[in-house]
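This report considers the open spaces of a protein model and the residues that line them.

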Amino acid sequence: MGKKALEGTKVLEYASFVSGPYCSKLLADLGAEVIKIERPGVGDKARERGPFPEDLPHPEKSGLFLYLNTSKKGITLDPKSTTGKKMFLELVKWADILIEDKPPKEMEGLGFTYEELKEVNQQLIMTSITPYGETGPYRDYKAYHLNICHVGGLGYLMPPNSPSLEREPLKAGGHSVDCACGVNAALATVSALYSRGVTGEGQSIDVSKQESLMNLVRVYAVAYANDKVNPNRGPIMGTAAAMGGLKKCKDGYIIATLAERPHWARFFKLIGKPEWDEDERFKDTLAIADHYNEIDPYISEWMMSRTRYEIYHQGQELGCPIAPVRSIDEVVNDPQLKGRDFFVEVDHPEAGKTVFPRGPYVFSETPWQGNPAPLLGQHNEEIYCQKLGYTKEDMVRLRESGII
Amino acid sequence: MNRGALEGIRVVDSSTAWAGPFVSELMALMGAEVIKVESMKRLDHSRVISLSTRQRFTGTDQSSVFNDLNFNKLDVKINLSEPKGAELLKRLVKVSDVVIQNFRPGVMDRLGLGYEALKEVKADIIYLSSSARGAEGPERSYVGYAPSFAAHGGLSYLTGYADGMPAMMMGEIDLISATTSAFAVVAALNHRQRTGEGQYITVSSSETIAVLIGDVLLDYTMNGRVQFRDGNRDEIMAPHNCYRCKGDDKWVSIAISNDEEWRAFIDAIGNPDWAKGERFQDTYLRKENEEELDRLITQWTISHTHYEATEILQRAGVAAAPSFNSEELYNDPHLKERGGYIEVEHPVIGKKAAFAPSWKFSKTPAKITRHAPLFGEHDDYVFGELLEMSQEEIKALIDEKVID
């Protein structure tokens, strides 16, 4: 075991499904000790969602759960009972950081507001991840990933260059936006941790998923206020169309991002029209935009007679910012990702060996780790007996009364 | 005045465009002092052009997009391709904590400004290299912008209509990559705080996107299944879509995960006859008859505004939210109450609305303290005061086009 970036950091997770668990996964994979609280008997909602190996649902084999909960310890606890609440507070006392994603009303009802938890742990950092934040008229509104995509301003822009505005705006694929919200919350959390190391002071952090997404579309989010325009998913025209963009080729799509004039010089060479570089019609990118329609048929035909990877590699040889739109299998089999050991094998006691993506960063001194996700209640004894001092007999009674 | 979470940290940032500069903006919002390094030879291109919003700007200080991505920073002119420029950067690094750069892999090494060289100058420096495909691997020198990262990461393929093209995703992709990088840097700052040790971090922007769809990648590694884009739909939940409302291009997103929410939904829309039959009685059947269900729901939504529909459904405990455009976000009462937007005065482009920091820290509030810097605005402060260079020395370097 090498050094870990967040070694010694104690995190309590009271969250389920995607954003909260992803936030604490990021910390756990960098060496924080994360204790995840799950509902006795049932566990995290993600356990019910696929993918499952061979499509056979099993609470210990959900790919979604296994991915979002690597490197954590798992306990079961129902903090709604009096004893459960007392145990929850003991865990809060132990923790440096609490990451939670419960509706604000629920935390208030349980007596788990930051002010109350601070009584137990003066230096606590508490990160609350909710759809709309802890304040404001929508704070008690419910939202799933779909709703966040739309209310955060991204959906209205998707899909870009839509074939018809009559069709509905779209969410981003998979659980991607929920994960992105988790990253934003993780950044705030480690920043608060750093600050605590300087001042000794803990604090609460209110992370709204709506605002986390708006942060990513911040440039569009101010377009109306500053320029009185409402960007939408409409057709891409003018300068932007002349950027290249999404192009159909023999076996799928490529994306060319010809942002600057030198990219075009290389692109003209790629498509066998080096003389266009000298052509007055294409003297700068604005001129290219004006005359783009004249060359588009040639470019489209050129693309259609080649495969994505031919265009990609030949283009990149010349320094052209071109990328193939990779299907999911191609992402997993991408030689570049393989060359960087991006996929790692995790051996889980129930689910067996599964290939996972590692973190998207490589640290020279403090390597990323990906240990298997916990079984439901796997670490009850370790945490309750060894850390909190409960006896084996206590454990039996707690289990029988449904508290753990 | 409250201190920021990262106050006392100094960052030298030579990156350009979106994915690099936004790393240091996130840190600057939390109080870090960020010194941005540019030169006439290598101007940050977001001062000139914005692909995402399809804009071009004249001069160096007219770009509202640059403003949005560089709040709170200081800016100096150093020509890094001059040996004396590289020396000058080293002097700056000597009094700094973090270096951020996104040149093509290998360029900083050639300039004598790689991690090993800067570590000689500042032993505990944290050095971030961010690039399209990562600093190692066969495609490390390949170039790309945001749309490429999403294309390589599988998210383009997974986003779009089932019968349509993959999505060419834009600026939001850069800013996800930036948030991820900032998280890695601050994690490394925590490690340094504890151990005194700095380190080298490499980030691949393509990987920062692939990790957001980990469960989809696992469906392939576990089952060999290649998931495909499917609009707003979910594998299990139905209804799960965006429905047309009263008005021009107005939509409400509705997501229902179980029978309880379904019954609440049906009640809220007035128990229409069509809902009484067997076709929609459980989640399985609703998913099975999803297309018809979507049509029937639209009969209700079309006679309401997306605000009305949202309010009616939320009151019943159903997850509904409008697909907001820029104007609606700006005028939204919830965001108003939470201080979602603020105004920032810029000396050249005037007063601009800006999206406020997306985290609400109780002790170390993140804030926008000033407009993005003008090109070279802080040469005097940084060279004269911070590095205590004499006026003669500064003038000589200007004459030699090192400060340029």
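In this predicted model, the largest share of the lining of the second largest pocket comes from α12(A), which supplies 3 residues. The second largest pocket is lined by 42 residues, and those nearest its centre are E260(A), T16(B), A17(B), H45(B) and Y145(B). Two or more residues of this lining are given by each of α12 (261-270) of chain A and, from chain B, β3 (49-50), β7 (126-131), α6 (146-153) and α8 (171-195).

Turning to the largest pocket, its lining is made up of 46 residues, with S16(A), F17(A), K45(A), K142(A) and Y144(A) lying nearest the centre. At least two lining residues are supplied by each of α1 (19-28), β2 (33-38) and α4 (104-109) of chain A, and likewise by α11 (259-268) of chain B. Of the contributors to the lining of the largest pocket, α11(B) gives the most, with 3 residues.

| Pocket | Volume |
|---|---|
| Largest pocket | about 1,400 Å³ |
| Second largest pocket | about 1,000 Å³ |

How many nonpolar, polar and charged residues are there in the lining of the largest pocket? By class, the lining of the largest pocket has 19 nonpolar and 9 polar residues, together with 18 charged residues. For the second largest pocket, the lining divides into 19 nonpolar, 14 polar and 9 charged residues.

Definitions and conventions
Residues are numbered from 1 along each chain as its sequence is written. Chains are lettered from A and ligands numbered from 1 in the order in which they are written. This is a predicted model: local features need pLDDT of at least 70, side-chain atom pairs count only at pLDDT 80 or more; totals for chains, interfaces and linings use all residues. Side-chain values use heavy atoms; hydrogens and water are left out. On a 1 Å grid over the protein atoms alone, a cavity is a set of points where a 1.4 Å probe fits but cannot get out, and a pocket is an open set with protein on both sides within 12 Å along at least five of seven lines; lining residues have an atom within 4 Å of a point. Grid points are joined across faces, edges and corners, and a volume is the space filled by probe spheres set on the points. Helices (H or I, at least four residues) and strands (E, at least two) are DSSP runs, numbered from the N terminus. Ala, Val, Leu, Ile, Met, Phe, Trp, Tyr, Cys and Pro count as nonpolar, Asp, Glu, Lys and Arg as charged, and the others, Gly among them, as polar.
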